[in-house]
Amino acid sequence: MQMEKQKQQQILGYFIEEAKEHLETLESGLLDLRSTVADSERLNELFRAAHSIKGGAAMLGFTSIHKIGHRLEDSFKLLQEHPLTVDQQLESFFLKGFDALKELVDCLQGPFGLRDEDADQILQESEPAFSELQDYLNRLIGVGSKSTVAAAQSAKPKASAQPQAQSANSANNLTAQVTVGLKQMLQLFKQKESAASRQQLQALCARLLQLGKGVNAWQNLVKTAQAAIANPKNSYQVLAPLVIKELKEASALVQTGRADEVAPSQQLRRLAAVPEPVRYIPESTAPAMFMEPRLTAKALIQAFNKQQLTEIAELLLKAAK
């Protein structure tokens, strides 16, 4: 029980540390919003910072932080889609929203944590500022008084587009939350190897499994990584670059709709003691290959990996003696 509590505190610490970095990015960009909007990459950084805080908060169950991060993210999206001239009033509205987000994170790392009553009060007090921000953005864009952000959130997509929209949102959330998890995982890999830290790494894998429910290829990869981490014979020095790289690349594939390309590498499978998938020589090739050595060699190369080919070669050499 005590170990579980320590693990939760450690994960919380990682989230706060990352959130503070994103808050610095947001504050820097908002204090000079006019220049930020003129630079698409800097504006993208603000969007990604809000998106990452939102995703991490959702994973850990901090609804208030998730909501405000989401509202800032939606507002930055409007700036990305509608170039406009920034004035002091717009900067002021954005900074009020930022202050609410920062206050929530400050409460979270305070001695009493983020209590429900404090979170509710901050959310309630920030509502007028976000309403003003949305209305002012709409006036600058020329849409009218109706809140575009609110309308976008409440509008129902057409039946044919709804599954795609839900899938895209799910993939984006996966990527953001996986990024948080991988940063936490990397910090654990930097620690001294121990049974406790391996358990924490496996717990993070369990969280990643929950994030990718329904994506079979992702589930298979995470379970393979989890098995490799559980094996005390595998050092962190070997595990860290391999596990982090494969999970990061896989989340990007899922985000771009290429989940069918996700698969654990041969090296990761070996570390996890997972047997290689059986490969078969095509029936169309089999009759001819036994009559022609080159065809035989080509079929074997296509059917087996390097290690298996080495074993076959050794067996053939023994048979030829």
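**View 1. Ser197 and Tyr236 meet through their side chains.** In this predicted model, a polar contact (a pair of N or O atoms within 3.5 Å, where one must be able to donate a hydrogen and the other to accept it) links the side chains of Ser197 and Tyr236 at 2.4 Å. Ser197 belongs to helix H9, residues 195–211; helices here are DSSP runs (H or I) of at least four residues, numbered from the N terminus. At 2% relative accessibility, Ser197 is buried, a label for residues under 20% relative accessible area with a 1.4 Å probe. Beyond its neighbours within four places in sequence, Ser197 is in contact (heavy atoms within 4.5 Å) with Gln191, Lys192 and Tyr236.

**View 2. Helices H10 and H11 pack against each other.** The axes of H10 (residues 216–230) and H11 (residues 236–255) lie 11 Å apart at an angle of about 170°; axes are lines fitted to C-alpha atoms over the stretch in contact, with angles from 0 to 180 degrees between N-to-C directions. The pair is therefore roughly antiparallel, the term for angles over 145 degrees. Among the residues making the contact are Trp218 and Leu221 of H10 and Leu239 and Glu246 of H11.

**View 3. Leu26 and its surroundings.** Leaving out residues up to four places away in sequence, Leu26 touches Leu46, Ala49, Ala50, Ile53, Phe76, Phe98 and Leu101.

**Notes for all views.** The model is predicted, so local features need pLDDT of at least 70 and side-chain atom pairs 80 or more, while totals for chains, interfaces and linings use all residues. Numbering starts from 1 along each chain as its sequence is written, and side-chain values use heavy atoms, leaving out hydrogens and water.

Key: Helices (H or I, at least four residues) and strands (E, at least two) are DSSP runs, numbered from the N terminus. Buried means under 20% relative accessible area, exposed over 50%, partly exposed in between (1.4 Å probe, protein chains only). Angles under 35 degrees count as roughly parallel, over 145 as roughly antiparallel, 65 to 115 as roughly perpendicular and the rest as oblique.
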